[in-house]
Amino acid sequence: MTERLAPILRVRDADVAVAWYARLGFTRQFEHRFAPDLPRYTGIARPGMEIHLSEHAGDATPGTLLYLYVDDVDALAAACGGVEVRSQDWGRDFEVTDPDGNRIRVGTVPG
């Protein structure tokens, strides 16, 4: 197995979150519930990245900030409705907020 990191984000509705993260190229990898009426725990991924989305009240804190390094920041900015890409000392990036208040910064480092 390859070692990896999967940050957990708190979400109210996993389906809404999965649809929102699709703009950033993520797709649903799995979903788990202990029973049909209990909260969901869902994994999403894109090449080289994995995020877990939890409806469980005790998992994570809304308002978390993640930084995603990508090859084409402009394509993802366009997919997010044409948000402004800023030039920084460390590269170019933009920030969006998911429906649950989690902040996602997406950037490309100079090559």
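**View 1. The buried face of helix α1 and the elements that cover it.** The buried residues of α1 are covered by elements that include β1, β2, β3, β4, β7 and β8, where contact means heavy atoms within 4.5 Å, and where helices (H or I, at least four residues) and strands (E, at least two) are DSSP runs numbered from the N terminus. The model shown is predicted, so that local features need pLDDT of at least 70 and side-chain atom pairs count only at pLDDT 80 or more, whereas totals for chains, interfaces and linings use all residues. Residues are numbered from 1 along each chain as its sequence is written, and side-chain values use heavy atoms, with hydrogens and water left out. In α1, the residues A14, A17, V18, W20 and Y21 are buried, a term that stands for under 20% relative accessible area, with exposed being over 50% and partly exposed in between (1.4 Å probe, protein chains only). Because these buried residues fall within an arc of 165° when seen down the axis of α1, they line one face of the helix; the arc is that of the directions from the helix axis to the C-beta atoms. At the start of α1, a side-chain oxygen of D13 comes to within 2.9 Å of the backbone nitrogen of D15.

**View 2. The largest nonpolar core.** This core has 24 residues, and those with the most contacts inside it are Y21, L24, L53, F94, I104 and V106; a nonpolar core is a set of buried Ala, Val, Leu, Ile, Met, Phe, Trp, Tyr and Cys residues joined through side-chain atoms within 4.5 Å. At least two residues of this core come from each of α1 (14-22), β4 (49-54), β5 (65-69), α2 (73-79), β7 (91-97) and β8 (103-108), and the largest share, 4 residues, is that of α1. Residues up to four places away in sequence not being counted, F94 touches a set of residues including L24, V73, L76, I104 and V106.

**View 3. The sheet β1-β4-β3-β2.** In this order, 4 strands form an open sheet with mixed pairing, two strands being paired if DSSP finds at least two bridges between them. Since β1 (8-10) and β2 (27-32) stand at the edges with a single partner strand each, one side of each is left without a neighbour in the sheet. Neighbouring strands are turned by 25° against each other on average, direction ignored, with axes taken as lines fitted to C-alpha atoms, for helices over the stretch in contact, and angles running from 0 to 180 degrees between N-to-C directions. Strands β2 and β3 (residues 41-46) run antiparallel and are joined by 5 bridges, and R28 has I44 of β3 as its bridge partner.

**View 4. R40 in the loop between β2 and β3.** R40 is found in this loop and is buried, with a relative accessible area of 7%. Its side chain makes polar contacts with the side chains of D13 (3.3 Å) and E55 (2.8 Å); a polar contact is a pair of N or O atoms within 3.5 Å, of which, within protein, one must be able to donate a hydrogen and the other to accept it, and residues adjacent in sequence count only if both atoms are side-chain atoms.

**View 5. The sheet β5-β8-β7-β6.** This open sheet of 4 strands has mixed pairing, and its twist averages 30° from one strand to the next. Strands β5 and β8 pair in the parallel sense over 5 bridges, and L65 stands opposite R103 in β8.
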